Structure formats: structure tokens, C-alpha cells
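Hi everyone, thanks for coming.

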Amino acid sequence: MGFERDELQRILDLYGRLVAAGQCRDYAMDFGKDAAVFSAFRRAAERPMARIEKRPSLRGKQGMWALIGEAGQILKRGHELAGVLFPLERKLLKLVEN
């Protein structure tokens, strides 16, 4: 189980913009048999500020993509990666406006 090239490119592009905005400093990827997870960290020694999970077993139900917040809450779930990443992208837009 892993990310496809275009999926990973989109995630890393967003991560790069988060780093440029000072929101993130580190990331980790975990590939299990059930899910692929990309975690973004503010600092290396704490829990991730956001996790992007791909679980193909949920494709027919609520969607295989999930954005999970720092406290473990599901912020967004869906069938398309772009829609799931939108809350993080909106956060970046707010930083630019201020």
C-alpha cells in the first residue's frame, strides 16, 4: 500500500508551502498493509499537526482519503484528495491574507 506519484506530488507540494509559511518543519510517511499515511510535524519531537491517510478499503463507503488533526479528530474525509486537502490549503490562504 502506498501513494501514487501524482498523489504524493500534490501532498509534497502542499507540505512545501506549509514549510515556507513556517507551519511545518518535518514529515514522516508510514506504509502499512491497510493504509498509507503522510504526517506533517511542527517540530520533530511532537505529534503530527496533520495526517493524510489513504485507506482503499473505505473507497466504497465514506471515501478512502482522510485528513486527521493534531488531537486525532477527523477533519475531512472524502473520495478525492483535493477536497480532503482543502482545509490545509485554506489555512495557508488565511496566513497570506494577514
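**Serine 39 and its surroundings**

Okay, let's start with serine 39, which touches Asp26, Tyr27, Ala28, Pro48, Ala50 and Arg51, leaving out residues up to four places away in sequence; contact here means heavy atoms within 4.5 Å. Before I go on, some housekeeping: this is a predicted model, where local features need pLDDT of at least 70 and side-chain atom pairs count only at pLDDT 80 or more, while totals for chains, interfaces and linings use all residues. Residues are numbered from 1 along each chain as its sequence is written, and side-chain values use heavy atoms, with hydrogens and water left out.

So is serine 39 buried or exposed? Buried, with a relative accessible area of 9%; the cut-offs are under 20% for buried, over 50% for exposed, and partly exposed in between, using a 1.4 Å probe and protein chains only. Serine 39 is in strand E2. Helices (H or I, at least four residues) and strands (E, at least two) are DSSP runs, numbered from the N terminus.

Now, the sheet. There are five strands in an open sheet, ordered E1-E2-E3-E4-E5, and the pairing is antiparallel; two strands pair if DSSP finds at least two bridges between them. Strand E1 (26-31) and strand E5 (74-78) are at the edges with a single partner strand each, so one side of each has no neighbour in the sheet. E2 (residues 36-41) and E3 (residues 50-54) pair over five bridges, and alanine 36 sits opposite lysine 54 in E3.

Tyrosine 27, one of the contacts of serine 39, is in strand E1. At 36% relative accessibility, tyrosine 27 counts as partly exposed.

On to the charges. How many salt bridges are there? The count is seven, a salt bridge being a side-chain nitrogen of Lys or Arg within 4 Å of a carboxyl oxygen of Asp or Glu. Take aspartate 13 and arginine 17, whose closest N and O atoms are 3.6 Å apart. They're four residues apart in helix H1 (residues 5-20), which puts about one helical turn between them.

Arginine 17 also has a salt bridge with glutamate 89, at 3.5 Å between the closest N and O atoms. Glutamate 89 is in helix H2 and arginine 17 in helix H1, so this pair ties together parts 72 residues apart in sequence. Glutamate 89 counts as buried, at 17% relative accessibility, while arginine 17 is partly exposed at 36%.
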